[in-house]
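This report describes one protein chain for a reader who has not seen it before. Please look over the sequence and the structure first.

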Amino acid sequence: MPQYLTVGHLLRQLQNLDPALPIRLAVNPDFPFTHYVGTKVVVQDGKAFIPDDGQEDYLPTSVRDALTWS
């Protein structure tokens, strides 16, 4: 996995998942919360930007472990 995610890398990772599966952002290992992913994509300066759409809840411990944030 590259350090800088591209649209192609993201599409390959998501292509076999259930299209109805909700997506959340895991943010900040020191204060681990999940955030909703915004629906608008803005392309500017050669990059695609996807905003967060607010905080949902604490990041589950199992996800923190999988991300090696523990």
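Of the 70 residues in the chain, 9% are buried. The model is predicted, and the figures below are computed from it.

The chain holds two helices and five strands. Read from the N terminus, these elements follow the order α-β-β-β-β-β-α. Among the contacts with a separation of 6 or more, 26% are between residues 24 or more positions apart.

Some values for the whole chain are set out here.

| Property of the chain | Value |
|---|---|
| Span of the C-alpha trace along its principal axes | about 35 × 25 × 25 Å |
| Distance between the centres of the positive and negative side-chain sets | 8 Å |

The charged side chains comprise 5 positive and 8 negative ones.

One part of the surface is nonpolar. Which residues make this patch of about 770 Å²? Leu 5, Leu 10, Leu 14, Leu 17, Leu 21, Ile 23, Val 41, Val 43 and Ile 50 form it.

Val 41, one of the residues of the patch, lies in the loop that runs between β2 (33-37) and β3 (42-44). Its relative accessible area is 48%, so Val 41 counts as partly exposed. Patch members need over 30% relative accessible area, and the 48% of Val 41 is given above.

Technical notes
Residues numbered from 1 in each chain as written. Predicted model: local features only at pLDDT ≥ 70, side-chain atom pairs only at ≥ 80, totals over all residues. Heavy atoms only, no water. Helix = DSSP H or I, 4+ residues; strand = E, 2+ residues; numbered from the N terminus. Buried < 20%, exposed > 50% of the residue type's maximum accessible area, 1.4 Å probe, protein only. Contact = heavy atoms within 4.5 Å. Lys, Arg positive; Asp, Glu negative; His and termini not counted. Charge placed at Lys NZ, Arg CZ, Asp CG, Glu CD. Patch = residues over 30% accessible without salt bridge, like charges linked within 9 Å, V, L, I, M, F, W, Y side chains within 5 Å. Areas by Shrake-Rupley, 256 points an atom, 1.4 Å probe, with all protein chains shown as cover. Salt bridge = Lys/Arg side-chain N within 4 Å of Asp/Glu carboxyl O.
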